[in-house]
Amino acid sequence: MNTIVTMTLDDLKKTPLTEEEKQTIRKARAIPTDDCPEQSKEDLAKFKPWYEVHQKDENSIKIDTDVLEWFKAQGKGYKTKINAVLRSYAFG
């Protein structure tokens with residue numbers, strides 16, 4: 001049984017593919033896409049990752065002050081970054 005593994009570019013930089021994994025990729029067959037409609041560049045630009053459009057709950061959590069200050073120091077979007085770190089920890 002084959003296992004599908006997804007990796008980000010950062011994952012690949014941290015842990016490059018082995019020769020065996022590269023061979024497996026080279027042997028892989030293309031997935032037929034005849035029944036998929038063509039997408040224009042404009043259509044593709046509208047797509048967002050699932051987690052960006054997934055409904056979010058508004059809630060309150062306690063975070064150590066030093067941790068929160070570190071995220072805030074990273075600039076705009078610190079809450080999104082906190083969410084990304086939690087998502088990565090929860091789902092790998």
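Let me start with Pro-16, which sits in the loop between α1 (9-14) and α2 (19-27), where helices are DSSP runs of H or I with at least four residues, strands are runs of E with at least two, and both are numbered from the N terminus. Pro-16 is exposed, with a relative accessible area of 56%; here exposed means over 50%, buried under 20%, and partly exposed in between, using a 1.4 Å probe and protein chains only. Between the C-alpha atoms of Pro-16 and Lys-72, which are 56 residues apart along the chain, the separation is 32 Å.

A word on the source, please: this is a predicted model, in which local features need pLDDT of at least 70 and side-chain atom pairs count only at pLDDT 80 or more, while totals for chains, interfaces and linings use all residues. Residues are numbered from 1 along each chain as its sequence is written, and side-chain values use heavy atoms, with hydrogens and water left out.

Now to the chain as a whole, which has 6 helices and 0 strands, so that the radius of gyration, at 19 Å, being well over the 12 Å that the globule rule gives for 92 residues, makes the chain more spread out than a compact globule. That radius is taken over C-alpha atoms, and the rule is 2.2 Å times the number of residues to the power 0.38. Along the principal axes, the C-alpha atoms fill a box of roughly 50 × 35 × 25 Å, and buried residues make up 2% of the 92 residues.

Which residue of the aromatic pair is buried, and which is exposed? First the pair: a search of the whole structure finds 1 aromatic pair, and the rings of Trp-70 and Phe-71 have their centres 5.0 Å apart and their planes at 90 degrees, so the pair is edge-to-face. Rings of Phe, Tyr and Trp (its six-membered ring) pair if their centres lie within 6.5 Å, with planes under 30 degrees apart counted as stacked, over 60 as edge-to-face and the rest as tilted. Trp-70 counts as exposed at 51% relative accessibility, whereas Phe-71 counts as buried at 12%.

In helix α5 (residues 65-73) we also find Asp-66, which is exposed with a relative accessible area of 56%, and whose C-alpha atom is separated by 26 Å from that of Asp-10, 56 residues apart along the chain.

Finally, helix α6 (residues 78-91) has 14 residues and reaches 20 Å from its first C-alpha to its last, close to the 20 Å expected at 1.5 Å a residue, the expected span being 1.5 Å times one less than the number of residues. Just after α6, Gly-92 takes a positive phi of about 80 degrees.
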